[in-house]
Amino acid sequence: MSHPSKHLLAIEGLEPPHIADLLDLAESYALLNRSGKTQRDLLKGRTLINLFFEDSTRTRTSFELAGKRLGADVINMSVSTSSVNKGETLLDTASTLNAMQCDLLVIRHAQSGAPALLSQKVDAAVINAGDGTHEHPTQALLDALTIRRHKGRLEGLIVAICGDIAHSRVARSNIHLLGTMGARVRIVGPPTLIPADAARLGVEVFTDMRAGLKDADVVMMLRLQRERMAAGGLVPSAREFFRFYGLDAEKLALAKPDSIVMHPGPMNRGVEIDSAIADHPTRSVIGEQVEMGVACRMAVLDILARRLPRNR
Ligand code: NCD
């Protein structure tokens, strides 16, 4: 079982064996969770702090459950974005947390790079739970695990990531992970929502959604991240967006007949995805993504805790 760092700050930089190890371990936790058993001795005596400077439902709850199922003492700290004076406050927070001898620190922050900065200032293992438009590594792991469970592999699959790519840390982490594991990644969206560095990311770019969905094995929909659109007007209107880039039955028919539909949540029904598709009993795996989220976070906590000194 290998992991190249004390922290999990990004998918970029991980190699196929590191990712495969995390996914295999997560798969075993998925089975454990379904059996209703826990493993509360594994992180007994360890402290996990959830430090969320941005809103979250799934990710924070998921890390909390993961920590508790492995026996850690879990503390949730929500910090309102408005009171945050980036650098200074973060470093002050870091020294406070250090004094509390926290072992595992999960952080979400509006600023790209905040978890990396914190990781240099604390003794704890730091896990990035989403930083600005940069990365959201555990989301990519849970997406990959969900895909693998349905398709049996990642290599060679055509994955269409659709919508607001430019502002999405979920897209960025998925592009790195899926590309590293040999999938063919397409990004699909209006030109205003395609990142400027798309060419460097090694993906195929489509501004016509129908062409982008053709023969896809996996269709991953993303939310319009309006809070990150500084100028506001990158898309005309929600209705217009749905017409060209919303996933409905007619557009989904262009993907492979057994393709799966994913969404990291929170969903805006009728904007990027039609309700009937989001709730589709066989094609939508959105609920399973949430389930795999807990398993993946257990795997990450487990792997990182192995590198922590026993008595701090
Ligand atoms: C995502 C996020 O916060 O980056 N949500 C999540 O973690 N499931 C995606 C989003 O906010 O649209």
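This is a predicted model: local features need pLDDT of at least 70, side-chain atom pairs count only at pLDDT 80 or more; totals for chains, interfaces and linings use all residues.
Q: In what order do the four strands of the open sheet lie?
A: Let's begin with the terms. Strands (E, at least two residues) and helices (H or I, at least four) are DSSP runs, numbered from the N terminus. Two strands pair if DSSP finds at least two bridges between them. Here the order is β2-β1-β3-β4, with parallel pairing. Because β2 (73–78) and β4 (125–131) stand at the edges with a single partner strand each, one side of each is left without a neighbour in the sheet. From one strand to the next, the twist averages 15°.

Q: How many bridges join β1 to β3, and how many join β1 to β2?
A: Five bridges link β1 (residues 47–52) with β3 (residues 104–109), and six link β1 with β2. You can look for facing residues too: phenylalanine 52 is opposite arginine 108 in β3, while leucine 48 is opposite valine 74 in β2.

Q: Are the residues of β1 buried or exposed?
A: A residue is buried under 20% relative accessible area, exposed over 50%, and partly exposed in between (1.4 Å probe, protein chains only). In β1, six of its six residues are buried. Thr47, Ile49 and Leu51 cover one side, and Leu48, Asn50 and Phe52 the other; all are buried.

Q: Which strands does helix α2 lie across?
A: To compare directions, axes are lines fitted to C-alpha atoms (for helices over the stretch in contact), and angles run from 0 to 180 degrees between N-to-C directions. Contact means heavy atoms within 4.5 Å. Helix α2 (residues 58–69) lies across β1, β2, β3 and β4, and it runs at about 180° to β1.

Q: How many aromatic pairs does a search of the whole structure find?
A: Rings of Phe, Tyr and Trp (its six-membered ring) pair if their centres lie within 6.5 Å; planes under 30 degrees apart are stacked, over 60 edge-to-face, and the rest tilted. The search finds one pair. The ring centres of phenylalanine 241 and tyrosine 245 are 5.7 Å apart and the planes are at 35°, so this pair is tilted. Both residues belong to helix α8 (residues 238–245), four residues apart, or about one turn of the helix.

Q: Which ring does arginine 297 lie over?
A: A charge sits over a ring if NZ of Lys or CZ of Arg is within 6 Å of the ring centre and within 35 degrees of the ring normal. Arginine 297 lies over the face of phenylalanine 63, 5.0 Å from the ring centre. The charged end of lysine 251 sits over the ring of phenylalanine 242, at 5.7 Å from its centre.

Q: How many disulfides are counted?
A: A disulfide is a covalent bond between the sulfur atoms of two cysteines. The rule looks for a pair of cysteine sulfur atoms within 2.5 Å, and the count comes to zero. As for burial, cysteine 102 is buried at 3% relative accessibility, and cysteine 162 is buried at 1%.

Q: Which residues does the cis peptide bond join?
A: Most residues other than glycine have a negative phi, and most peptide bonds are trans. The cis bond here joins glycine 265 and proline 266, with omega about -5°. Proline 266 is in the loop between β9 (260–262) and α10 (275–278), and at 43% relative accessibility it is partly exposed. Leaving out residues up to four places away in sequence, proline 266 touches Arg58, Arg223 and Glu272.

Q: Where does glutamine 101 lie?
A: Look in the loop between α3 (86–99) and β3. Glutamine 101 has a positive phi, near 55°, and is not a glycine. Aspartate 215 also has a positive phi, about 65°, and lies in the loop between α7 (209–213) and β8 (218–221). Aspartate 215 is partly exposed, at 36% relative accessible area.

Key: Residues are numbered from 1 along each chain as its sequence is written. Side-chain values use heavy atoms; hydrogens and water are left out.
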